[in-house]
There are 2 protein chains.
Amino acid sequence: MNLKELAEHLGLSQTTVSRALNGYPEVGEATRRRVLEQAHNLGYRPNAHARRLATGRSHAIGYVFPSDRSIIIDPIFSDFIAGASDFQAINGYETLLHAGGQEDEMDVYRRYAEMGLVDGVIVQAPHVDDPRIALLNGLGLPYVVHGRLNDTEEGYAWLDIDNRGAFRKATKLLLDLGHTRIGLLNGLEYLTYAWHRRQGYEQALLDKGLSIDPAIIFAGLMTEENGYRHALRMLRLKPRPTALVLSSMMMVSGALRAVHELGLTVGKDVSLIGHDDGLPFLNAEGLVPSLTTTTSSIRAAGARVAELLLARVENPDDEMAHELWNVDLILRGSTGPVVA
Amino acid sequence: MNLKELAEHLGLSQTTVSRALNGYPEVGEATRRRVLEQAHNLGYRPNAHARRLATGRSHAIGYVFPSDRSIIIDPIFSDFIAGASDFQAINGYETLLHAGGQEDEMDVYRRYAEMGLVDGVIVQAPHVDDPRIALLNGLGLPYVVHGRLNDTEEGYAWLDIDNRGAFRKATKLLLDLGHTRIGLLNGLEYLTYAWHRRQGYEQALLDKGLSIDPAIIFAGLMTEENGYRHALRMLRLKPRPTALVLSSMMMVSGALRAVHELGLTVGKDVSLIGHDDGLPFLNAEGLVPSLTTTTSSIRAAGARVAELLLARVENPDDEMAHELWNVDLILRGSTGPVVA
DNA sequence: TTATAATTTGAAAGCGCTTTGGGAAGGAGC
DNA sequence: GCTCCTTCCCAAAGCGCTTTCAAATTATAA
């Protein structure tokens with residue numbers, strides 16, 4: 001069943017039917033009702049491609065993951081996309097995913113733009129100095145960055161959480177509890193969020209007049225195993241750190257193993273603060289003792305980024321959104337005063 | 001730059017240019033080379049929607065996740081999709097994702113089919129008696145099931161791993177080591193894979209003349225917390241189970257906490273076998289002791305399912321694929337003979 | 001009543017591609 | 001010389017929508 005057949009069936013022109021269906025005002029109320037009703041009864045659905053060709057809009061948003069996999073292996077991305085895709089679905093936008101393949105990430109954007117496959121893209125995990133921004137600006141493809149570049153916050157739309165502030169707050173809490181040797185287990189620091197966290201951590205130490213010790217800082221893939229290995233390594237140092245700040249729950253999970261293995265007690269011998277993206281399968285509160293966290297829902301961020309992007313697609317001339325989310329520091333049982 | 005402009009630029013008709021670009025034989029070699037070269041130089045890209053409208057094929061594969069979230073929260077899905085999407089990208093197919101929204105999963109399939117949005121879909125996490133199969137058969141939308149229904153293996157294309165065999169093997173290994181009280185921490189058992197695992201587990205026990213004890217069986221969301229809580233609960237029973245079989249690495253992670261908390265030793269007081277989907281952020285080998293696992297790469301499964309689906313889309317009359325993957329049982333340090 | 005404005009409807013063009021049904025040019029066979 | 005194939009190319013139709021421009025109908029004003 002296509003438009004033409006539906007129109008014939010109704011004894012109307014395609015024009016009128018199309019208008020009735022799409023809510024244009026130049027159509028009588030009675031006619032509109034009739035059209036809507038019959039379209040529903042006959043199960044008519046407009047062909048997506050025909051509509052896209054005619055309107056020039058694809059009603060789809062693209063997500064491109066680099067082929068080196070270091071991003072998509074992070075389980076937080078499925079939650080981000082779930083949030084975003086959900087919002088999009090409700091607003092009539094499809095979600096296009098591109099994971100790897102042999103094509104370079106930048107080429108995918110180019111192809112997306114030139115073939116009209118998507119109306120906009122969401123840029124994930126921006127680097128400290130990310131070349132994608134310039135490319136997308138050049139292509140004229142609307143986008144919103146989830147995160148920020150390091151140098152500039154202008155010239156592109158973004159939503160980010162205050163990673164710097166969060167890790168500064170977390171580190172400061174530990175300092176206030178008397179800890180002076182505080183380890184950091186971070187993500188890859190060419191990614192801005194990890195870099196910001198590093199900055200927040202260092203800032204808090206410097207504020208107290210403490211120095212930065214590279215021996216108790218790790219930056220790398222946020223796997224359980226890295227959490228374990230590097231927590232173990234650090235906790236074996238003399239003097240050992242009495243507290244650790246961790247960039248992901250996965251790393252916390254590994255660090256817990258290390259702590260147990262050394263016969264130490266969380267919240268007493270070692271204080272832990274982890275960053276919690278609110279992943280449904282790894283719950284900070286369910287740990288024993290429950291985990292003090294910096295918390296921000298990655299899923300909510302996904303939904304909001306999608307919202308900003310759709311706004312941008314539909315009103316390209318509106319001002320670019322810059323949205324910085326505060327991160328809550330939630331005090332639970334894994335942090336305590338340093339013991340002598 | 002569109003076809004018309006490119007054709008004019010070359011002094012050829014759209015027909016010839018289109019044929020040259022798409023590899024049709026009725027075009028001179030010299031002409032073809034010229035066309036290809038100029039198209040490249042001028043950066044011509046065919047408009048995706050125009051092509052789709054003309055050919056009636058969308059060159060896209062759809063993934064629909066139920067809105068209740070219980071599926072997508074499982075981190076294995078991002079890895080599955082990464083594998084599938086990767087394969088598709090290499091073969092010129094886009095990946096369409098639908099996560100939740102207010103639309104019912106079945107309605108999404110209907111819409112996909114009627115609007116021509118995708119050429120096929122991959123059905124994830126089939127239920128023991130899954131209504132999606134009948135719907136898709138009715139819609140005539142090609143699909144491949146990742147997993148199986150319980151009752152029948154005919155009438156639909158599928159790829160599955162031998163969950164029943166894997167858990168039977170795992171349980172038998174423990175029995176052979178002298179364990180007689182073996183707990184099971186499983187996924188939601190209305191999902192076929194979990195149901196099959198349960199069957200394999202029970203079969204192995206029954207083969208030895210042992211009975212099934214519901215007190216040491218858990219079925220639910222495979223979160224870290226559930227792993228912890230139910231391992232803890234079971235290990236506190238008297239007599240306590242001397243071994244646990246776990247359906248996911250996430251649950252293993254939680255169970256390890258429980259074991260440590262009770263002051264027990266993995267591989268001695270408690271033997272553990274987990275199912276490992278090969279997730280990059282949680283490594284069975286990196287645990288201490290390393291974890292004995294039933295192992296099957298979910299990412300490889302994703303790639304292969306995509307391959308089967310594309311074959312099905314392009315040759316609808318070929319026989320339906322039924323592919324059952326063997327699951328390796330990899331012996332590592334977390335299993336040992338029962339101690340008196 | 002008639003002129004004018006407002007409301008509804010339609011015919012047809014156009015979006016950018018693929019593909020059908022020929023047609024011209026050149027070579028082989030007689 | 002002619003016919004018959006190939007080989008290579010093209011004009012035009014068609015995919016199923018949206019949208020422009022114009023016409024028909026009805027309501028309002030004079």
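Predicted model: local features only at pLDDT ≥ 70, side-chain atom pairs only at ≥ 80, totals over all residues.
**Chains, DNA strands and a sheet**

Me: How do the residues of the surface near DNA strand C divide?
Reply: There are 9 nonpolar, 13 polar and 4 charged residues. Charged means Asp, Glu, Lys or Arg; nonpolar means Ala, Val, Leu, Ile, Met, Phe, Trp, Tyr, Cys or Pro; the others, with Gly among them, are polar.

Me: What surrounds DNA strand D?
Reply: 25 residues do, and the closest are A:L3, A:S18, A:A54, B:T15 and B:G28. Two or more residues each are given by α2 and α4 of chain A and by α2 and α4 of chain B. The division there is 9 nonpolar, 13 polar and 3 charged.

Me: How many residues of chain A are in contact with chain B, and what makes a contact?
Reply: 52 residues of chain A are in contact with 52 of chain B. Each counts because its C-beta atom, placed from the backbone, lies within 7 Å of one across the interface. On the side of chain A that touches chain B, α5(A) gives the most, with 8 residues. That side holds 24 nonpolar, 16 polar and 12 charged residues.

Me: Why do β2(A) and β2 of chain B count as a pair?
Reply: Pairing needs at least two DSSP bridges, and these strands have 3, so they pair. The sense is antiparallel. One bridge joins A:L97 to B:T95.

Me: What is the order of the open sheet in chain A?
Reply: The order is β7-β6-β8-β9-β10-β12, with mixed pairing over 6 strands.

Me: What makes β7 (217-219) and β12 (328-330) of chain A edge strands?
Reply: Each pairs on one side only. The twist averages 15 degrees from one strand to the next.

Me: How do β6 (residues 182-186) and β7 of chain A run?
Reply: They run parallel, joined by 3 bridges. A:L185 has A:F218 as its bridge partner in β7(A).

Me: Which strands does α11(A) lie across?
Reply: α11(A) lies across β6, β8 and β9 (271-276) of chain A, at about 155 degrees to β9(A). The angle is between N-to-C directions on a 0 to 180 degrees scale, with axes fitted to C-alpha atoms, for helices over the stretch in contact.

Me: How many helices and strands has chain A, and what makes a run count?
Reply: Chain A has 12 helices and 12 strands. A helix is a DSSP run of H or I with at least four residues, a strand a run of E with at least two, numbered from the N terminus.

Me: How does the radius of gyration of chain A stand against a compact globule?
Reply: Chain A has 25 Å, whereas a compact globule of 340 residues would be near 20 Å. The rule is 2.2 Å times the number of residues to the power 0.38, with the radius taken over C-alpha atoms. Those atoms fill a box of roughly 90 × 40 × 35 Å along the principal axes.

How values were computed
Residues numbered from 1 in each chain as written. Chains lettered and ligands numbered in written order. Contact = placed C-beta atoms within 7 Å. Near = placed C-beta within 6 Å.
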